[in-house]
Each structure stands twice: as structure tokens, then as C-alpha cells.
Amino acid sequence: MEPNNLPAVLELRNVSFEGNAKRSLVLADVSLTLRQGELLMVHLDRSQSARDIASMIQGLQQPRFGEVLFQESDWKGSDFERHFKMRSKIGRVFDDQAWLANLNMTENVMLASEHHGRDLNEVRAEVTELSEQLSLDPPSWERPAFVDSTRLQMYQWVRAMIGNPSLLLLERPMKAVPPLWLPKLVAAVNRLRQRGAAVLWFAGNSSEASAELIPPVAHFRLVSASLQPIADLSLAGPEATL
């Protein structure tokens, strides 16, 4: 990406990390800076999972070495109130859906916002507006077990993007979603970025590198625990939808 002078949203400084799961991505002395409005897309292969790294970025796991900064603040120590406020500014689409089976979809989508003390009337209005932009019926009283996999995944988009997050983490956001819905996701991501959000997108398919994504966008893959830029997107990853 071309260098810019906008504030950094996410910084990894010489980070080495190894997650708990066999498929977790491994990092060795990785540094990167993601600034307001920037999008970095990491193209995964089928054997890779970004879940532990995304948790590390949210301060839920710690790197073995190095430092993770969100808006110039670290996740070290036991200042839970500061970490709670930091985490409230990060939206996330999980590789697995992380729905609570005993709550309906409305309650599930709004749960994180409620947890962070937001006005629920405002949250409902945002959920309705974003659902309409995605051509999706707003979440209702249905329990997750009775909602089809495509809508479940798209409700993850809604949950991640309400509250105007400063950082959006997308782990295989098109998983279980037909490609025809990609332009809706891209448009929503573009709107967030135009408001200053930075986006880290872990792609499960090279087709997610939409030409409609506004610049600046950079593409990488993780090889031998280091991020390597991709010059030819046709070699970025599997063609089949995961």
C-alpha cells in the first residue's frame, strides 16, 4: 500500500505467535501497520485458520514475542476497563459463527452491543438499516438452529459492522454465502472504510479480491510464518468456495 499519514489503527511489532489449534496460523517476527481506511487481505489455503490470530489482535490471546497495538494502546497488563473499551471498537466475523443456541437471532446480533452498554434503540435502528443495505430480512425471533447457513453468515456481517467499528476483522466472511452476495459485502465494507475503519480480511477464496474494493488494498499470503505480498492474484488461493 502507498504510505499515508492517517492514524494507525492496528500495529504488529515483531510479533511471533502460535495458536492452540493445529490449523492456526503461525507468525514469526511479523510487523505490519494498518491505518484508517486501509484494507489488508490475507489469502488463506484450506489448511489455515485465522481464528487464533484474530483473537490475538483482540487481546484475547497473547503473542509469544512482540507487541500488538490497537489505536496505539497495547493489550498488556490487567487494565480490563481499558481493554473492554478497546474491544468495543472492533467488529469481527468469526470463521465459526459463535451464536448462542438459547438466544434468538435478534438477541444474538445485539448481544455484544448490549454488553458494551450501547443504547438498544440505536442498535435496533442500525441493525435494520444495515440489513436493508444487504437485502437481508432483519434478524427475528428464530433460534440459530432454524436459520439457514447463508443467512447465519450474513447476520455475522451485520453483527460485526454495527456500532461503526474502527477495526473490522473478517475471517472467511463468504463461507457458506453464494458469490452473488459479495458485492453487498464489499459495498458495506467500503462504506465503513470511508468512515475511517481499517479492515483485515482473511479470505478463503481468491474471488473475494473484488475489483469493487476501494483503494488502498494490499494482498498477502502467509508462507513459512511470514507475510508475503501477492503480485499475481490468480495464484492467491483455492478457486473452490470453502
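**Pockets, cavity and strand pairing**

In this predicted model, at least two residues of the lining of the largest pocket are supplied by each of helix H2 (80–87), strand S6 (90–93), helix H3 (105–115) and helix H5 (149–161). Helix H3 makes the largest contribution, with five residues. The space in the largest pocket amounts to about 630 Å³. Its lining consists of 25 residues, and those nearest the centre are Ile90, Ala112, Ser113, His116 and Arg159. By class, the lining of the largest pocket holds eleven nonpolar, nine polar and five charged residues. Arg159, one of the residues nearest the centre of the largest pocket, also lies over the face of Trp99, at 3.9 Å from the ring centre. No aromatic pairs were found, however, when the whole structure was searched.

The second largest pocket contains about 210 Å³ of space. Its lining is made up of Glu126, Glu129, Leu130, Gln133, Met161, Ile162, Gly163, Asn164, Ala188, Arg191, Leu192 and Arg195. Two or more of these residues come from helix H4 (120–133), and two or more from helix H6 (182–194). Helix H4 gives the most, with four residues. The lining of the second largest pocket divides into five nonpolar, three polar and four charged residues.

The residues that line the cavity are Leu12, Leu25, Leu27, Val30, Leu32, Val42, Ile53, Ile57, Leu200, Phe202, Leu222 and Leu227. Strand S2 (26–35), helix H1 (51–57) and strand S8 (198–203) are the elements that give two or more residues to this lining. The largest share, three residues, comes from strand S2. In terms of class, the cavity lining has twelve nonpolar residues, no polar residues and no charged residues.

Strand pairing was examined around strand S9. Strand S3 (residues 39–43) pairs with strand S9 (residues 217–223) in the parallel sense, over five bridges. Within this pairing, His43 has Arg221 of strand S9 as its bridge partner. Strand S9 also pairs with strand S10 (residues 226–229), here in the antiparallel sense and over four bridges. In this second pairing, Val223 is bridged to Ser226 of strand S10. Strands S9 and S10 form a hairpin in which two residues lie between the strands. Ser224, in the turn of the hairpin, has a positive phi of about 50°.

Technical notes
Residues numbered from 1 in each chain as written. Predicted model: local features only at pLDDT ≥ 70, side-chain atom pairs only at ≥ 80, totals over all residues. Heavy atoms only, no water. 1 Å grid on protein atoms, 1.4 Å probe; cavity = no way out; pocket = protein on both sides within 12 Å on 5 of 7 lines; lining within 4 Å. Nonpolar A, V, L, I, M, F, W, Y, C, P; charged D, E, K, R; others polar. Phe/Tyr/Trp six-rings, centres within 6.5 Å; stacked < 30°, edge-to-face > 60°. Lys NZ or Arg CZ within 6 Å of the ring centre and 35° of its normal. Pairing = 2+ DSSP bridges. Points joined across faces, edges and corners; volume = space filled by probe spheres on them.
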